[in-house]
Amino acid sequence: MSRAGRWGVGALGALVGVALSGCLHHNVLFNAGGLFRQAEADRRAGRAEAASRGYRAVPRKTRQAGRDRPDAEWADEVLLLYARARLRLGEYADAEGALEAAHERGIGAASRAEVAVFRAFLQDRTGDHEAALTTVNGALTEVSGDALVEAHLLRGRLLLRRGQAEYGWWYLDQAVHLDPAVRAEAGLERLRWAVEGGDRPRTFTAIAALLGDPRAAVLVDTVAALADAAHARWGADAGADLLAGVDASRWDREARGRRRLQRARYLDVSGD
């Protein structure tokens, strides 16, 4: 075979390898990304078991590709998906390992910032809130898409924890503006930290917004617990007033009925 012929065979082999790598990249990210997005939708809709199954399926989809091609140019995307699924499952050691592996790859600035956002998420979940705020602050201007939404949600929550309500609410608003699907999630953070901080006006504003969001009905038990906390802090009258809008809310009938009974208990305690 001539040198040209041998070169042609070699080039063909290389092209086939590139094509197969590209197909693997596309299939892994498409399938794993779809599973992750569905798990996120299930989580926000209150379908906890379905969400857990979806998150657990993501590492199974990504693990083999990462093992087969650890140095591929798309490996950082696979590692990030793996880490995000592990974070949602509360499996922080595995998530940290994947984030560290992505960081060590020497990836580009945008991808490094995305890794930093989810590292900040991990720091927050493991109790290092000040480090989380520093980390997310450094990444906020470098990310886009889902990572930017997560960064705004995280920074809002961390600022609320610090008692900086005005700034915290602003960042949560930015997250909702970017992705309306996180509206209930952001609203719950507003309510939780308003009650925690003893901010009665913001507590009433936050619960009114949640009652006006039909997707927030899946948070009914958490809202009930926070209403009980408000009742304990400010008294039965405040608890009843807090749930006064439940009849006109956009929640489903069952959720409205459960909170109506809760309000009736507050009214009974207050003597009304």
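Mentor: Start with contact range. This is a predicted model. Take contacts in the chain between residues at least 6 apart in sequence: 61% of them join residues at least 24 apart.

Trainee: How many helices and strands are there in the chain?

Mentor: Count 13 helices and zero strands. Along the sequence the pattern reads α-α-α-α-α-α-α-α-α-α-α-α-α.

Trainee: What percentage of the residues in the chain is buried?

Mentor: The chain has 272 residues, and 43% of them are buried.

Trainee: What should I expect to find inside?

Mentor: In soluble globular proteins, nonpolar side chains tend to be buried together. Now the case here. The largest nonpolar core holds 34 residues. Leu153, Leu191, Ile207, Val223 and Trp251 have the most contacts inside it.

Trainee: Which helices each supply at least two residues of this core?

Mentor: Helix 7 (145-161), helix 8 (165-178), helix 9 (183-196), helix 10 (200-211), helix 11 (220-234), helix 12 (236-242) and helix 13 (253-270) do. Helix 9 gives the largest share of this core, six residues. There is also a second, separate core of 29 residues, with Tyr82, Phe118, Leu133 and Leu154 among them.

Trainee: Next, helix pairs. At what angle do helix 9 and helix 11 pack?

Mentor: The angle is about 20 degrees, and their axes lie 10 Å apart. Angles under 35 degrees count as roughly parallel, so helix 9 is roughly parallel to helix 11. The crossing of helix 9 past helix 11 is left-handed.

Trainee: Which residues meet in this contact of helix 9 with helix 11?

Mentor: From helix 9 come Leu188, Leu191, Arg192, Ala194, Val195 and Glu196. From helix 11 come Thr222, Val223, Leu226, Ala229, Ala230, Arg233 and Trp234. By type, the contact splits into nine nonpolar, one polar and three charged residues.

Trainee: One last residue. Is aspartate 42 buried or exposed?

Mentor: Compare its relative accessibility with the cut-off. Buried means under 20%. Aspartate 42 has 7%, so aspartate 42 counts as buried.

Trainee: Where is aspartate 42 found, and what does it touch?

Mentor: Aspartate 42 is in helix 1 (residues 3-44). Leaving out residues up to four places away in sequence, aspartate 42 touches Arg47, Ala50 and Ala51.

Notes. Residues numbered from 1 in each chain as written. Predicted model: local features only at pLDDT ≥ 70, side-chain atom pairs only at ≥ 80, totals over all residues. Heavy atoms only, no water. Helix = DSSP H or I, 4+ residues; strand = E, 2+ residues; numbered from the N terminus. Buried < 20%, exposed > 50% of the residue type's maximum accessible area, 1.4 Å probe, protein only. Contact = heavy atoms within 4.5 Å. Core = buried A, V, L, I, M, F, W, Y, C linked by side-chain atoms within 4.5 Å. Axes fitted to C-alpha atoms, helices over the stretch in contact; angles between N-to-C directions. Parallel < 35°, antiparallel > 145°, perpendicular 65-115°, else oblique. Left-handed = near helix turned anticlockwise from the far one by under 90°. Nonpolar A, V, L, I, M, F, W, Y, C, P; charged D, E, K, R; others polar.
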